[in-house]
Amino acid sequence: MSEFVWIFTDDEINWEELANLYKIAPLGNKNPDDLKIAFSNSMYKCFVYDGTILIGVGRAIADGVDVSYLCDVAVHPEYQRCGIGKQIVRKLLEFSTGYNKILLFASMGKEPFYSKLGFDKMTTAMAIFKNRERVLEMGLIEAGNGL
């Protein structure tokens, strides 16, 4: 996979460093304690290091047979467009081989990237967001008639 160091457990992760990676990637502000819980509850995880610097990450929440949900893929800005994100997704797909469904929620504008990796756009996906007004403003969802 390259000269970078790949780690697939979260045993020795510096959660502050991970939160900073999401901030500069930029994928938003994530609380280090929340990240620890999220990654601990994820079946598959990838952490990519260049020496001691965390440069890439991704995880998948999976049930072992039916569905694997890839999420939180991020790459350090200085390493973007070098294929690291693609390698992370491919590794998570490898871990998810045999599942009936492999899903992900793409950041706006990243759909072509994931399409090249074999993902198809869904027409029936639905979501409930804690920060509904914000994601409505961003255009990520269309308002439904419920709630």
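**Exercise 1.** Which residues do ring pairs link into a cluster?

*Solution.* The model examined here is predicted. In it, ring pairs join W6, F8, Y44, F95 and Y99 into a cluster. The structure holds 10 aromatic pairs in total.

**Exercise 2.** Classify the geometry of the pair formed by F8 and F95.

*Solution.* A pair of aromatic rings is described by the distance of the centres and the angle of the planes. For F8 and F95, the centres are 5.4 Å apart and the planes stand at 90°. Planes over 60 degrees apart count as edge-to-face, so the pair of F8 and F95 is edge-to-face. This pair links distant parts of the chain, 87 residues apart: F8 is in the loop between β1 (5-7) and α1 (15-24), while F95 is in helix α3. F8 is partly exposed, at 33% relative accessible area, and F95 is partly exposed at 25%.

**Exercise 3.** Is H76 buried or exposed?

*Solution.* H76 is placed in the loop between β4 (67-75) and α3 (84-95). Its relative accessible area is 15%. Buried means under 20%, so H76 is buried. Leaving aside residues up to four places away in sequence, H76 touches L21, I24, L54 and I55.

Notes:
Residues numbered from 1 in each chain as written. Predicted model: local features only at pLDDT ≥ 70, side-chain atom pairs only at ≥ 80, totals over all residues. Heavy atoms only, no water. Helix = DSSP H or I, 4+ residues; strand = E, 2+ residues; numbered from the N terminus. Buried < 20%, exposed > 50% of the residue type's maximum accessible area, 1.4 Å probe, protein only. Contact = heavy atoms within 4.5 Å. Phe/Tyr/Trp six-rings, centres within 6.5 Å; stacked < 30°, edge-to-face > 60°.
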